[in-house]
Amino acid sequence: MRARLAAIVLLLVAPLAAAQDAPPVQIRPRERDAGPPLAPAVQRLLEAPYLTDDERKELRLKHGVWTDADLDTPARRARAALVLGAIAHPALDDPGADAEDRAEALMLRGDPGGAIEALEGLSTIRAIRVRAESLAMLGRFDEADAAIEPVVDRMLRTRLDAPDEVSEGVRALMLRAKINGSQGAGGGDFRQMARILARVRDEQDRLSWSARLVEAELLREKHNNEEAKAAAIEALRYNPRCAAAHRVLGDLSVDAFAFDAAQQFAAQLDTLARPEGVLAWRGSLSHMAGLVRARARLRQRDPEGAEAALDPTLAALPDQREALALQAACAAVAFRYNSMDRAIERYEALSPGSPDALAAVGAALAEARQYDAAPEYLARAIERLPNWSTPIIDLGLLEVQSGRDNQARRWLARAIELDPFNVRAANSLKLVNDLAAFETIESEHFVVRYKPGVDAVMAREMIPVLEQIHERVAGEGPHSIHHEPAQRTLIELMPDHAWFSVRVTGMPKVHTMAAATGPVIAMEAPREGRGQSMGPYDWPRVIQHEYTHTVTLSRTRNRIPHWFTEAAAVYLEESPRDEQTWRLLAAVHAGGRLFNLENINIAFVRPELPTDRQQAYAQGHWMYQFIAQTWGEDAPLKLMDRYAIGEPEASAFETVLGVTPIELLARFESWAAEDLVAHGMRLPEGVPTIPEMLDEERADAEDPASIQPDTAFVSRRLEQFPGHPDLLGLRAERLVDELGGVLDAGAVAALEAYAQAKPVAEFPHKQLARHFLLAESDSVRARAIPHLEFLDAREQRSGAYAIELARLYVWRGAWGEASAKAERATRIAPYNAPYREFAARVAIKTERYDDAQRHLAALHELEPDREIHQQRLDALQDLMAAKP
């Protein structure tokens, strides 16, 4: 029967070579419950008039579109249950089920011994693959490798005609690659496996969902996630009920921090495992859904939630290996090491010699930045299965993040030897090798590493600034963390964005300019040009933020909640919030959209709205400020110390602050309302908004349309509410508009009143700065200074305000202030030659000859073709030599 069906499929699809199906459909969340549409070619096949009823049943079952009437034998019911991922379904225990289906279910439940017994006497490729996986699950890798040998012989020496058998053969080769490495003898090469699957997909059976599923699993294993996603979606077009494809998409979503999508795929897995009709059953368990949810919670640093997600699976299937390995990882991330050891012992009692639980624990600890603990478990996993590339890659990437480049190079080189097509490993190894050519400058607390060339200009200047940052962040001053890391921090000045991205993640796209992994801070050079994503930026402020991460991670042993370390870092930037941030905070507060302590962490890594990440930073900072003001400056530090001993966040709040997280958020919301009022971003109780005022007047007017927010309206309402920030803002904006930007005394007064009523507003300061700078009188021009200072304090991407302030201070003879602002401009834009020239002139005028020499030397390196720079440098050195 199946041979005839295969022939029918080939006959039908052969003429379709020039009429490919429509491209795979991207699954959007709201479409997932229904799944992607069935491929048109499958629909045409099912409607073919020459099929017998039994052949049509088999095809509907094969492509996941069966009806209850099709499930008319124990074997068909069992096969359907397995496709649905319902591995505990009683249909799979029926003696009438195919032995291979029963064996696969037993293995997935955690009974590899039973699976081996069920396969006694069978020699199909699938039977060999399930037997080998069962032996590997038991830690009997030599036997598993030997069991695969017949598959290798068949795959390499003959052309298999049955597409499903070919897919099974590739799965067997993937297991051999785990045991021997992708380049090991006997068919484990990735390119070879990919070619085999492509041949099935494109030549042997264009309707094969199994080939696409195995392709998705193989691509995900190589961190080629985009192509893996496409293959899994395509598999669902040829079998919409394929639980394994949904599992791949769920795992890919977790990999990408797309936690809502992961939850939706888990829900779909639950739905699949709860069929109605003849397959309805009491258990309704999807172990795949539990595993996806657990991985998602674990990546969100919620080990308790992950354990809860595993509970149903482990209650029904106490020996299920993936769940047991994740259970050990949960205990590790919760820092319950006794529980972790017991979980590992439980796993090893079932699978002696298996590395899987150790690898899961090591990977989880690595992601939690436990740089000392993680290597132990990863190394133990590697010792048990030396050619398995996964823990080797994890260990290599861990060493990259911790800055231990020699160890990283060793492990990544071994990983590439075993698995040369792993994208992250290849990128990271190239980076580590390239970094070996970088030069370094060292100080007491820092090592700055940079690419030889023009970046040396900035690298030399970083050291004194970094030491000042260390004293501010780690020292004993107000608001500081009062903690010094045990080792010097490595600052890596990356020449462009691609270098920076690979340094941080192993992949070439990251949307920021600097990042800390604990002992290493990577930053993109702040300059314009090809390959640069950010241009100039206030790197001392950015590094002060990132170094705060380094210090808080060290103080808490890398156990600090994500939002809290970001909050501390923004707090210690010691820069005022800009108006845009205040407006965002006011909007989410008024709209009831403040994050709770769970979704604020998710917003950093996987924002749903374009403003979510910005809100997470801003709200976290606001909450940190609230805690420090309400419970004292040492309260955040006491919380950090509770985190350091592994105490959960909720318990730490109750211990240190005496409130639950819910109570904390309620009190914060009230405090935040008062803070908004104080900054003119929220009106006091009883003060109406402008729309409310308009509604009130229009309700009493004979001609409501005549009531507009015009000058007369603003004037009469300001008599009633003289300090109303929105009215003052409307008046100021109207005056500026009416005067065409050329201000008179009335407009200046209006702008100053607006700035006082809403102290975060930038508009009045921009207008007043522009107005005063256009004046001819030096004394009037000097009135621009406070407004430029306001703007410069909030500016992170340009030195324009700083350099203009420096010029104003020079005109006033305030050389100290001029010097400080000139230096700030060159720090934001260290590769800007005009800024350097101005800073050098100010330094010479103030007899700070060392600073002048630094700027002139930098100019010579930035513009080596301009002889004037060397001439000025020589003249300065002569002047310095002549000084007593």
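**Figure 1. Helices H42 and H43.** The axes of helix H42 (residues 815-828) and helix H43 (residues 833-845) come within 9 Å of each other and cross at roughly 150°. This is a predicted model, in which local features need pLDDT of at least 70 and side-chain atom pairs count only at pLDDT 80 or more, while totals for chains, interfaces and linings use all residues. Residues are numbered from 1 along each chain as its sequence is written, and side-chain values use heavy atoms, with hydrogens and water left out. Helices (H or I, at least four residues) and strands (E, at least two) are DSSP runs numbered from the N terminus. Axes are lines fitted to C-alpha atoms, for helices over the stretch in contact, and angles between N-to-C directions run from 0 to 180 degrees. H42 and H43 are therefore roughly antiparallel to each other; angles over 145 degrees count as roughly antiparallel, under 35 as roughly parallel, 65 to 115 as roughly perpendicular and the rest as oblique. H42 passes H43 in a left-handed crossing, a term used if the near helix is turned anticlockwise from the far one by less than a right angle.

**Figure 2. Residues where H42 meets H43.** On the H42 side, Trp815, Ala818, Ser819, Ala822, Ala825 and Thr826 take part, and they meet Tyr835, Arg836, Phe838, Ala839, Val842 and Lys845 of H43. Contact means heavy atoms within 4.5 Å. Sorted by class, the contact of H42 with H43 has eight nonpolar, two polar and two charged residues. Ala, Val, Leu, Ile, Met, Phe, Trp, Tyr, Cys and Pro count as nonpolar, Asp, Glu, Lys and Arg as charged, and the others, Gly among them, as polar.

**Figure 3. Helices H40 and H41.** Helix H40 (residues 785-794) and helix H41 (residues 800-812) have axes that come within 9 Å and cross at roughly 150°. That makes H40 roughly antiparallel to H41. The crossing of H40 and H41 is left-handed. From H40, Ile785, Leu788, Glu789, Leu791 and Asp792 meet Tyr801, Ala802, Glu804, Leu805, Leu808, Tyr809 and Arg812 of H41. By class, eight nonpolar, no polar and four charged residues make up the contact of H40 with H41.

Figure 4. The side chains of aspartate 251 and arginine 247 form a salt bridge (2.8 Å, N to O). A salt bridge is a side-chain nitrogen of Lys or Arg within 4 Å of a carboxyl oxygen of Asp or Glu. By this rule the count comes to 71 salt bridges. Both aspartate 251 and arginine 247 lie in helix H13 (residues 243-255), four residues apart, about one turn of the helix. Aspartate 251 and arginine 247 are both buried; buried means under 20% relative accessible area, exposed over 50% and partly exposed in between (1.4 Å probe, protein chains only).

Figure 5. Arginine 460 forms a salt bridge with glutamate 861, and their closest N and O atoms are 2.4 Å apart. Arginine 460 lies in helix H24 (residues 455-474) and glutamate 861 in helix H44 (residues 849-862), so the pair ties together parts that are 401 residues apart in sequence. Arginine 460 counts as partly exposed, at 41% relative accessibility. Glutamate 861 is also partly exposed, with a relative accessible area of 32%.

Figure 6. Arginine 555 and aspartate 641 meet through their side chains in a salt bridge (2.8 Å, N to O). Because arginine 555 lies in helix H26 (residues 539-555) and aspartate 641 in helix H31 (residues 635-644), the pair ties together parts that are 86 residues apart in sequence. Arginine 555 counts as buried at 16% relative accessibility, whereas aspartate 641 is partly exposed at 33%.

**Figure 7. Two residues with positive phi.** Most residues other than glycine have a negative phi. Histidine 482, although not a glycine, has a positive phi of about 55°. Histidine 482 is placed in the loop between H24 and strand E3 (489-494), and this residue is partly exposed, with a relative accessible area of 33%. Glutamate 847, a residue other than glycine, has a positive phi near 60°. Glutamate 847 lies in the loop between H43 and H44 and is exposed, with a relative accessible area of 51%.
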